[in-house]
Amino acid sequence: SRRWKLYQCLVSEQRLDGKLHVLMEGQWFAVTDTLVDAVDSYCAHLSSSPVSLPVSTKAEKEGDYNERFANTDPDHLLMLDAKIKRPGGASSGIEVCDVLTSDREFIHVKRKSRSSTLSHLFAQGSISAETFVGDGEFRDKIRAEIQKSVATDRQEQWLELVPSGGQEVVRSSYTVSYAVITPAKEGSSWLPFFSKLNLMQHGKRLENTLGMNVTMSRIDVSDSGGGGADGDVEAASACAEE
């Protein structure tokens, strides 16, 4: 297996002579002020999800969190975590989202661990949205999953949100919502710069190319063993460097 030096495992963001410098995988990068301003401006314009996202616990797995979250309001939240696979001959599985809301919001949840994890989160949101819009077979598979897993008397409300393969998708009525599980860090940005850059790239693709809406939220982490029922969410303006 590949061995890394301790220095290569460090991630740091420092301002030297007024310019942002980022240490990642053993290399320092100097970031131009123009790019920093563009990234911070984009993050600042994003709102948080209107849905109340419950606080997570330290040891809670993402799947367990998503299930608990969906169960807080079954009439308006549907868990679709890890259920839709291999649409249109894709070489790997694609999940439409972790939780679908009755307001056509695709919520993608990820616990923050490293930059690559967040990169996967942002890519998942844009790829699944693009597939949802352009692949009728994908939508038909989502509809089949709803018919299989949702009680008969509740199916229609969810099927209305997923056009069949031959129907048009009204893109502007859908929102891709990113939600990152991470405790607050006083005095610094909770989202690293390169993660914010990645968010901007995928977010602009969703907004400008696909015509969808985008939100960004932080899910707090409880120090206690039990999960909180009340939401503790920060808007993406918290991404901006303080």
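Here is a walk through this predicted model, from the whole chain down to a few individual residues.

Let's start with the overall picture. The chain holds six helices and eleven strands. Of its 242 residues, 47% are buried. If you look at contacts between residues with a separation of 6 or more, 66% of them link residues 24 or more positions apart.

Now for the strands. Seven of its seven residues are buried, so S8 is largely enclosed by the rest of the structure. Both faces of S8 are covered: one side has Thr175, Ser177, Ala179 and Ile181, while the other has Val176, Tyr178 and Val180. S8 also has partners to follow. S7 runs parallel to S8, and seven bridges join the two. S8 pairs with S9 too, again in the parallel sense and over seven bridges. Strand S9 covers residues 213-219, and six of its seven residues are buried, so S9 is largely enclosed by the rest of the structure as well.

His108 stands opposite Tyr178 in S8, and Tyr178 in turn stands opposite Met216 in S9.

Is His108 buried or exposed? With a relative accessibility of 0%, under the 20% cut-off, His108 counts as buried. Its side chain reaches the backbone oxygen of Val96 at 3.5 Å. Beyond its neighbours within four places in sequence, His108 has a list of contacts that takes in Glu95, Val96, Cys97 and Asp98, then Leu121, Gln124, Gly125 and Ser128, and finally Val176, Ser177, Tyr178 and Ala179.

You'll find Arg104 in the loop between strand S6 (99-101) and strand S7 (105-111). Its phi is near 60°, which is a positive value in a residue other than glycine. Arg104 is partly exposed, with a relative accessible area of 26%.

Helix H1 spans residues 33-45, and its 13 residues reach 18 Å from the first C-alpha to the last, close to the 18 Å expected at 1.5 Å a residue. Which residues of H1 are buried? They are Val36, Val39, Asp40, Tyr42 and Cys43. Seen down the axis of H1, these buried residues fall within an arc of 160°, so they line one face of the helix. The face turned away from that buried side carries the exposed residues Thr34 and Asp37.

Helix H2, residues 62-71, has its own set of buried residues: Tyr65, Asn66, Phe69 and Ala70. They cover an arc of only 130° around the axis, which puts them on the same side of H2. What covers them? Strands S4 (56-57) and S5 (77-79) are among the cover for the buried residues of H2, and so are S6, S7, S8 and S9. That brings us back to the strands we started with.

Helix H6 runs over residues 193-209, and at 1.5 Å a residue its 17 residues should span 24 Å; the end C-alpha atoms are 23 Å apart, which agrees. Its buried residues include Phe193, Ser195, Lys196, Leu197 and Asn198. Just after H6, Gly211 takes a positive phi of about 75°.

So where does H1 come in? Go back to Asp40, which has its place in helix H1. At 15% relative accessibility, Asp40 counts as buried.

Terms used
Residues are numbered from 1 along each chain as its sequence is written. This is a predicted model: local features need pLDDT of at least 70, side-chain atom pairs count only at pLDDT 80 or more; totals for chains, interfaces and linings use all residues. Side-chain values use heavy atoms; hydrogens and water are left out. Helices (H or I, at least four residues) and strands (E, at least two) are DSSP runs, numbered from the N terminus. The expected span of a helix is 1.5 Å times one less than its number of residues. Buried means under 20% relative accessible area, exposed over 50%, partly exposed in between (1.4 Å probe, protein chains only). The arc is that of the directions from the helix axis to the C-beta atoms. Two strands pair if DSSP finds at least two bridges between them. Contact means heavy atoms within 4.5 Å. A polar contact is a pair of N or O atoms within 3.5 Å; within protein, one must be able to donate a hydrogen and the other to accept it, and residues adjacent in sequence count only if both atoms are side-chain atoms.
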